[in-house]
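Trainee: Hi! Could you walk me through this one? I'm new to it.
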Amino acid sequence: MNKHDLLISLAVERARLFHELLGLSASELESAHVCGDWSPRDVLAHIIAWERYVYDVVRYLRARQPVPPSPETSDEDAYNARAVAVWRTKPLQELLDTLAIAHRQLTVGVAGCSQAQLDFGSSSGTGGENIASHGMAIAQHDAEHTVQIRAWHKSRSDQVGPKILLQHALNTSRAALMTLMDIVPAQQRESLPVTGEWTLKDVAGHIADWDEWVVEATLAMEANQRVEWEPIDYGEAWNQSHAAARRTQSWAHVWQNFLDVRGTVVTELAERVMEPDLGRQLPSPWGGEMSFYVCLAIPCRHDVEHVEALLAWHTSQTAGN
């Protein structure tokens, strides 16, 4: 496996995992049985343990050193039980922050490898596996638990979840999106169709437009005002009219807007939106009302939608070559 595809797999599977956690309440994260008697929170603690272990393996293999045997992980059931037990007494924010750090360390470790380092294997303690196979094991591990959470989640309606988990979901979805965007050659970002007839510039502008929409709703809610949406169809016609308005803009302008608007969403959520406000209702432009939580989850869900579209495009390009 080449490095780009491995980094894509790591980013995409982590984004999918957090996407499935959206809509779970704080109590469900703590107590729902999604994997045996493990809660979603327990699953995340379990993932931390193995991602940290793999990162240590990567460090040895990257230096072309034998990987020492790991007595701690020789009994996987005991290792899992200890990891889950340790995190049950710690705050959710500490758990999620630690998970983010472990994933970033592994991603950076893989990103710094040459292809030769990715392929180098040690016969001591790892059964001859290499960095690429260990990295893919983490991506597949995320995917396995995503399926379990999805199977449980689909049987009930979405709830208002913790703010900290929403923040991490926003981060993972954007990281996956930008990893996929990065594979489009710079000289083709305004000309190469990657989603239907849309170029990467069109996609970035489209996402920025919807993020701006969320910012508008956030600022109104902060001021305790009800949002008055225009009486128009917020659907394909809205998308196409906004895309057309950006056609004369340069890639540099659209890209900066794409970055800045998401920065505003993240900052507003972190600094101004209080946990109790997430359950407040506001008018939906599609009729009826939606919670503030649902509104703020839109950028994450939207990013994941385009992650899947770009991944399908990348897969078709790879197959064609």
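Trainee: What volume does the second largest pocket have?
Mentor: About 310 Å³. This is a predicted model, where local features need pLDDT of at least 70 and side-chain atom pairs count only at pLDDT 80 or more, while totals for chains, interfaces and linings use all residues. Residues are numbered from 1 along each chain as its sequence is written, and side-chain values use heavy atoms, with hydrogens and water left out.
Trainee: And what counts as a pocket?
Mentor: On a 1 Å grid over the protein atoms alone, a pocket is an open set of points where a 1.4 Å probe fits, with protein on both sides within 12 Å along at least five of seven lines; lining residues have an atom within 4 Å of a point. Grid points are joined across faces, edges and corners, and the volume is the space filled by probe spheres set on the points.
Trainee: Which residues lie nearest the centre of the second largest pocket?
Mentor: W50, Y53, V54, E76 and A137, out of 13 lining residues.
Trainee: Which helix gives the most to that lining?
Mentor: α8 does, with five residues. Helices here are DSSP runs (H or I, at least four residues), and strands are too (E, at least two), numbered from the N terminus.
Trainee: OK, what about the largest pocket, what's its volume?
Mentor: About 410 Å³. It has 16 lining residues, and A100, H103, R104, N171 and A175 are the closest to its centre. The largest share of that lining, six residues, comes from α6.
Trainee: Switching topic: how many aromatic pairs are there?
Mentor: Eleven. Rings of Phe, Tyr and Trp (its six-membered ring) pair if their centres lie within 6.5 Å; planes under 30 degrees apart count as stacked, over 60 as edge-to-face and the rest as tilted.
Trainee: Why is the pair of W213 and W229 called stacked?
Mentor: The ring centres of W213 and W229 are 4.7 Å apart and the planes are at 15°, so the pair is stacked. W213 sits in helix α10 and W229 in the loop between α10 and α11, 16 residues apart.
Trainee: Are those two buried or exposed?
Mentor: Both W213 and W229 are buried, meaning under 20% relative accessible area, with exposed over 50% and partly exposed in between (1.4 Å probe, protein chains only).
Trainee: How are W213 and W286 arranged?
Mentor: Their planes are at 45° and their centres 5.5 Å apart, so that pair is tilted. W286 is partly exposed, at 47%.
Trainee: Which residues do the ring pairs link into a cluster?
Mentor: W210, W213, W229, Y234, W238 and W286.
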